[in-house]
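Hi everyone, thanks for coming. I'd like to walk you through one model today, so please have a look at it first.

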Amino acid sequence: MDRAILDLPLADWNGATGEAGWIAAVEGGQVLFFPRLDFKLDASEQALLSPALLAEGVRNISLDSAGKLKGVAGGEAVESQVSGLMGRFARQARVLVKGLFPAYDAHLRPAPTSLRPTDVSTRKQSVRADDRRMHVDAFPTRPNYGERILRVFTNINPQGQPRVWRVGEPFEDVAKRYLPVARPYSAWQAKMLQSLHITKSLRSEYDHMMLQLHDRMKADERYQREAPQVTMPFPSGSTWVCFSDQAVHAAMSGQHMLEQTFHLPVARQYDVQASPLAILTRMAGRPLQGAPLP
Ligand code: AKG
């Protein structure tokens with residue numbers, strides 16, 4: 001389990017050079033951890049970091065690629081400061097990912113950048129939504145057919161509080177554990193979910209399997225307690241990168257984090273055979289209506 005997280009020396013967001021070993025590690029489901037990769041905030045930006053920055057009923061602040069900011073309480077001056085810092089993070093995350101994985105760059109689709117000022121240890125939520133339980137990312141309303149979810153996280157806690165994650169076993173082990181007991185895919189049900197607009201497009205068998213893994217892991221108390229795992233306190237001032245649809249993870253505590261997601265077509269990975277879609281397709285022994293695999 002000590003290889004779930006790879007500790008790396010990079011100290012410059014512009015300094016990554018497409019290291020083959022790091023690429024193989026992240027595509028193998030490991031978390032790349034950069035303890036020296038800090039995101040600098042000036043004093044007035046640091047002063048903004050408080051849950052009071054959040055608009056009523058909102059958990060995260062988001063900034064999309066068109067510059068639209070959502071979720072901030074406060075006037076124009078505050079909004080423009082928050083947009084400034086989040087935009088800077090979005091650009092740095094892109095530069096980092098380009099340096100780490102040069103061949104992805106032309107194919108990445110960035111999701112909105114997020115700023116997370118809430119304390120994750122105190123959030124009240126259903127078992128299914130509870131990210132303090134180990135899981136792989138899979139979304140009930142947005143089928144993705146095997147598209148990858150690559151995420152960059154930076155802990156910017158001003159009091160030096162770590163963001164504590166648990167990182168679990170390899171994806172293939174999770175699949176071996178839960179696929180035999182997973183509910184079978186129903187094409188009829190997938191069509192119904194789509195026609196009721198519960199899903200934004202037809203849920204594929206791949207998406208169904210990923211959701212089954214996500215839900216079954218989270219609901220399994222014994223798995224949460226006893227499955228192989230390492231607890232990792234990511235220090236304030238550090239950055240980590242993983243494919244969150246593959247790396248088993250749970251966020252246990254911490255407050256104030258920046259996060260940038262990139263979507264990547266599965267066929268654009270260096271080693272497509274390492275992807276969850278390829279792994280699940282091999283295990284099922286038939287195509288899963290995912291994206292075409294080369
Ligand atoms: C997720 O977004 O999938 C998480 O598990 C949350 C990560 C975090 O907030 O540190």
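Predicted model: local features only at pLDDT ≥ 70, side-chain atom pairs only at ≥ 80, totals over all residues.

Residues are numbered from 1 along each chain as its sequence is written.

So, what surrounds the ligand? Arg-116, Val-120, Asp-131, Asp-137, Arg-163, Ser-244, His-249, Ala-251 and Met-257 do, where near means a C-beta atom, placed from the backbone, within 6 Å. By class, that shell has three nonpolar, two polar and four charged residues; Ala, Val, Leu, Ile, Met, Phe, Trp, Tyr, Cys and Pro count as nonpolar, Asp, Glu, Lys and Arg as charged, and the others, Gly among them, as polar.

Next, the helices, which are DSSP runs of H or I with at least four residues, numbered from the N terminus. Helix 4 (residues 171-178) packs against helix 6 (residues 205-219) at about 80°, their axes 10 Å apart; axes are lines fitted to C-alpha atoms over the stretch in contact, and angles run from 0 to 180 degrees between N-to-C directions. The two helices are therefore roughly perpendicular, the word for 65 to 115 degrees.

Most residues other than glycine have a negative phi. Yet phi of Tyr-145 is near 60°, and His-197 has a positive phi of about 60°. His-197 sits in the loop between helix 5 (187-195) and helix 6. Is His-197 buried or exposed? His-197 is exposed, with 8 other C-beta atoms within 10 Å; exposed means 12 or fewer, buried 20 or more, and partly exposed in between, with C-beta atoms placed from the backbone. Tyr-145 is partly exposed, with 19.

Conventions. Parallel < 35°, antiparallel > 145°, perpendicular 65-115°, else oblique.
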